[in-house]
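Colleague: I have a model open and would like to go through it with you. Shall we take the core, the cavity and the hairpins in turn?

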Amino acid sequence: MSKIKVNEIVNRNGSSITIGDANTSTVAINSGTTLTGFSSTGIDDNATSTAVTIDSSNNVGIGTSSPDSPLTISNSGTGTANAIELENFSGESSYIKAKRGLTLSADYLDNSNASQSNITFETDGSEAMRIDGSANLKFNSGYGSVATAYGCRAWVNFNGTGTVAIRDSGNVSSITDNDNGDYTVNFSNNLPDNNYSAVASSGSEYTGTIIYNDGAHCSVFNYSSGNVQIITGTYGQGITNNISNAEAVSVAIFR
Amino acid sequence: MDKRIIYKNTDGSIGIIIPADCGLTVEEIARKDVPTGLSYKIVDVSEVPSDREFRNAWTIDDSELTDGVGE
């Protein structure tokens, strides 16, 4: 059969109309023809203007007819946040799952405005953490407000007695044993300058009863971007002439 | 690591580098952390004395520092 042209097809008495058979039939709507008030079992279309566009590249636009990505959501209105909202009433939390890595990127018009390139995290409606447009990580972890977190850039815990050995470390490539009670901490990745804060402690015993004086005094010096030097000595007797090895030595670098 | 890197300073004192588990090989650490221009030797940790009483008397013959030069 060729074409039947009608103005209206009405199903009567609550019966259904079936278009197509069980094979590979295709129902086509010509370009320029608009379906209105469309409803199906899975879709309820009540839009008053175009809300979703699928372009010739199969990109989907919501709020835009020119999607740049497989899914583009655009909000041209002012004062309204652009939002993807996840609701789960089952009691379980919602999550976003990326199978091969996930990059969150915030950029205002190609790096033109860092103040509008923040990535912000909120809990219970309050800001809890932010990565600002200058790449500073800020969070509120009892600070009272979101503030820049100045992290430990390198740390090491080592035994300076006997055969000097590193127990554990972070961003430290090695310790140089220069002499008795004299060590250099070498960083894996250099710091930007030598204006960091180095915090060091030393003690005679890593576990067990402490021997008060031995190795309990330490000094940090020779700050450079690649390493820092530490001397451990006997407490209370002047470190210059009383250098001694310490079993428990810890150094942490902050900036 | 069970390796140590030995080098001799220009004043004759000996530096012993204890590599950290940082993702670099001992050779990479040696090139990075041995002072520039100084020759070094990579040895097993068992070859380094554990008695440090005369630490400042430790020495090594230059001819043994054959594994590379600090960069």
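Colleague: Which residues of the largest nonpolar core touch the most other members?

Modeller: This is a predicted model. Its largest nonpolar core holds 21 residues. Those that touch the most other members are Val185(A), Phe187(A) and Ile253(A).

Colleague: How much space lies in the largest cavity?

Modeller: A search of the whole structure finds 1 cavity of 30 Å³ or more. Residues that line the largest cavity include Thr163(A), Asp177(A), Arg4(B) and Trp58(B). By class, the lining has 6 nonpolar, 2 polar and 3 charged residues. The space in the largest cavity is about 40 Å³.

Colleague: In the hairpin of strand 4 and strand 5 of chain A, which residue takes a positive phi?

Modeller: Strand 4 (residues 119-123) and strand 5 (residues 126-131) of chain A run antiparallel, joined by 5 bridges. There are 2 residues between the strands. The one with a positive phi, near 50°, is Asp124(A).

Colleague: What is the bridge partner of Met129(A) in strand 6 of chain A?

Modeller: Strand 5 of chain A also pairs with strand 6 (residues 137-139) of chain A, in the antiparallel sense, over 3 bridges. In strand 6, the partner of Met129(A) is Phe139(A).

Terms used
Residues are numbered from 1 along each chain as its sequence is written. Chains are lettered from A and ligands numbered from 1 in the order in which they are written. This is a predicted model: local features need pLDDT of at least 70, side-chain atom pairs count only at pLDDT 80 or more; totals for chains, interfaces and linings use all residues. Side-chain values use heavy atoms; hydrogens and water are left out. A nonpolar core is a set of buried Ala, Val, Leu, Ile, Met, Phe, Trp, Tyr and Cys residues joined through side-chain atoms within 4.5 Å. Buried means under 20% relative accessible area, exposed over 50%, partly exposed in between (1.4 Å probe, protein chains only). On a 1 Å grid over the protein atoms alone, a cavity is a set of points where a 1.4 Å probe fits but cannot get out, and a pocket is an open set with protein on both sides within 12 Å along at least five of seven lines; lining residues have an atom within 4 Å of a point. Grid points are joined across faces, edges and corners, and a volume is the space filled by probe spheres set on the points. Ala, Val, Leu, Ile, Met, Phe, Trp, Tyr, Cys and Pro count as nonpolar, Asp, Glu, Lys and Arg as charged, and the others, Gly among them, as polar. Two strands pair if DSSP finds at least two bridges between them. Helices (H or I, at least four residues) and strands (E, at least two) are DSSP runs, numbered from the N terminus.
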